Each structure stands twice: as C-alpha cells, then as structure tokens.
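Me: I'm new to this structure and would like a close look at one part of it. Could you walk me through the salt bridges and what lies around them?

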Amino acid sequence: MKQIYLKSSFLILAFAAILSCGKDDKAPGEGASQEQLQLSTSEQIMAEWSGVYNVLSAGEPVSETFAAKASFTADYQFEISLENDPSAKVVGTWNEFQGKTLILKISGSTISAVGSAGKIVETDLDLTGTALRIRNKNFDLRLSKKTTSVPSGDPVAGRHFFSGSWLCDNGAGRKTKISIDDDNNFKLSSVRTAERAFVATGDLSEVAEARAVLNISSSSDPLADGSYFELTKDGSNAQLLLSSPNSPPLRLGKCFR
C-alpha cells in the first residue's frame with residue numbers, strides 16, 4: 001500500500017509541476033478575450049449519445065433498425081448498447097484520428113457486427129454539431145448527443161456567471177479550455193506546446209456569485225482523491241485554480257470569455 005501511495009503521490013506532484021510552470025498570470029495578447037472555446041474532435045465525442053443502429057451488407061441495411069445508445073468518456077472508455085436487448089453491448093477503449101476515423105479497441109462484445117473481443121475496429125467518423133455517425137462496412141450508428149433537463153428548484157442548476165466557454169492562459173505557454181453547460185456539466189482541456197493534453201470532465205458541486213467548484217469525475221491523468229478545479233470571479237473574467245488535499249492551490253491562469 002505504501003508503494004502504491006508513493007507512486008500516486010509522485011504522479012500527482014509531477015502533474016502539478018507541469019500545470020504550475022510559470023508563475024505569471026498575465027493576460028493573453030490583445031483580443032484574447034474574444035477567442036471562443038474550440039473543442040477538439042475527441043472532446044466533442046466525450047458525451048452520452050442515443051440514436052439508431054443498423055447491420056450492413058454491401059453498404060446497405062440487412063436488418064431492422066434498433067434503438068441504440070453510446071457513451072465515450074474522457075478516459076477513453078466506450079460502451080455501445082441496444083436499448084431493446086440489455087445483453088447486447090460492446091465495451092473497450094476508443095480514439096479518433098484526424099477527425100475522420102474512430103478507432104475502437106474492443107475488450108468485450110455481444111454485438112457481432114461491431115466486432116468481437118480483442119479486435120481493433122476502424123470506422124468512418126462524421127461529427128456535425130450534436131450529431132455523430134459511426135459507420136463501416138458492417139454497421140451504421142447514427143447518434144445525437146443526449147441533453148439533460150435542469151432540475152426544477154435546484155439552486156445550483158441553471159445559467160449563472162460561470163456558465164459558457166472560457167479560455168485560460170497562465171502567461172507561460174499553458175492554455176486551458178473550459179466549457180460549462182446549463183446543467184453544470186463541464187469539460188476541461190489543458191495543454192502546453194508540444195505536450196499531451198490533460199482532459200477532465202465532471203460537474204459543478206458548488207456555485208456562488210464569485211466562486212464555482214468543478215468536481216472531477218474523470219480525467220486523463222491521475223489526481224489525488226478530493227482534487228477539484230475552482231473558478232473565482234475576477235471582474236468580468238475569472239481565475240482558474242487546481243486544489244488538492246494537503247497542497248496549496250495551483251494557479252492555472254486568468255480566464256476570458
């Protein structure tokens with residue numbers, strides 16, 4: 001247990017060191033406040049989807065259309081299932097290539113047309129707004145991004161100062177994109193030049209006039225249990241911090257709409 005704890009602590013500290021490179025929270029260049037958040041293809045895919053599924057032969061459907069659902073998570077796990085058959089399911093890991101190809105590495109499957117366990121399946125990928133199509137010679141999935149209604153009477157839900165898109169800059173080459181929807185779900189991507197992006201998703205567990213806590217449900221790199229991001233109001237802008245147990249908050253930059 002001690003070895004596991006030390007290894008985890010090392011990973012957390014290493015990641016914290018990467019994120020905290022550069023102490024100057026200078027604003028980005030003129031016009032940066034107008035830069036809109038542009039999510040990558042992978043970030044747009046990371047969601048819950050629902051739609052229809054067809055088995056294909058020679059490019060044409062050879063069976064009835066089935067209601068289907070799919071999920072693609074920030075830690076690159078996926079699940080595809082058929083709503084009329086609880087046992088029909090495909091799971092594994094996913095990745096995308098140049099916004100045109102979806103690569104599925106299947107670890108378990110009861111849907112033979114999609115692929116069997118141990119197989120790596122490549123499909124055409126067509127992503128337009130909230131519509132996603134995944135297709136190869138064997139199957140066709142046409143999906144729409146799921147939306148969740150705002151719970152009535154929930155003081156946290158609904159639009160507030162922190163809702164929407166933010167671009168954060170730490171003044172030392174690290175840029176972080178955050179998108180917060182009206183249901184208080186967030187997606188975050190942080191990267192420096194020539195580095196692999198850190199990606200996280202979750203929801204807002206607390207919202208006040210000048211502060212929002214971003215509770216992390218999944219991330220591409222390990223963080224200590226209890227870690228969270230925090231946005232604090234700074235005039236019409238905001239500041240982004242990463243808080244971890246037993247460590248001072250890390251300043252990740254000033255954020256602009």
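Reply: Happy to. A salt bridge here is a side-chain nitrogen of Lys or Arg within 4 Å of a carboxyl oxygen of Asp or Glu. Please keep in mind that this is a predicted model. A search of the whole structure turns up eight salt bridges.

Let's begin with one pair. E79 forms a salt bridge with K89, and their closest N and O atoms are 4.0 Å apart. This pair links distant parts of the chain, with E79 in strand β4 and K89 in strand β5, 10 residues apart. E79 counts as partly exposed because its relative accessibility is 31%. K89 is partly exposed too, with a relative accessible area of 34%.

Now move to D140. R133 forms a salt bridge with D140, the closest N and O atoms being 2.7 Å apart. R142 also forms a salt bridge with D140, and there the closest N and O atoms are 3.7 Å apart. Salt bridges that share partners join R133, R135, D140 and R142 into one network.

Y53 touches D140, along with residues including E64, F66, L82 and L141, leaving aside residues up to four places away in sequence. Y53 and F72 touch the most other members of the largest nonpolar core, which has 30 residues. Several strands each supply at least two residues of this core, among them β1 (47–57), β4 (77–82), β5 (85–97) and β9 (139–145). β3 gives the most, with four residues. A second, separate core of 22 residues includes I178, L204, A212 and L252.

The side chain of T201 makes a polar contact with the side chain of S218, at 2.7 Å. T201 is buried, because its relative accessible area is 14% and buried means under 20%. Its neighbours include A74, F186, K187 and N215, again not counting residues up to four places away in sequence.

Finally, here is the wider setting. The protein chain has two helices and 17 strands, and buried residues make up 40% of its 257 residues. The chain exposes about 13,800 Å², with carbon and sulfur atoms supplying 51% of that area.

Definitions and conventions:
Residues are numbered from 1 along each chain as its sequence is written. This is a predicted model: local features need pLDDT of at least 70, side-chain atom pairs count only at pLDDT 80 or more; totals for chains, interfaces and linings use all residues. Side-chain values use heavy atoms; hydrogens and water are left out. A nonpolar core is a set of buried Ala, Val, Leu, Ile, Met, Phe, Trp, Tyr and Cys residues joined through side-chain atoms within 4.5 Å. Buried means under 20% relative accessible area, exposed over 50%, partly exposed in between (1.4 Å probe, protein chains only). Contact means heavy atoms within 4.5 Å. A polar contact is a pair of N or O atoms within 3.5 Å; within protein, one must be able to donate a hydrogen and the other to accept it, and residues adjacent in sequence count only if both atoms are side-chain atoms. Accessible areas come from the Shrake-Rupley method with a 1.4 Å probe; for residues, only the protein chains shown count as cover.
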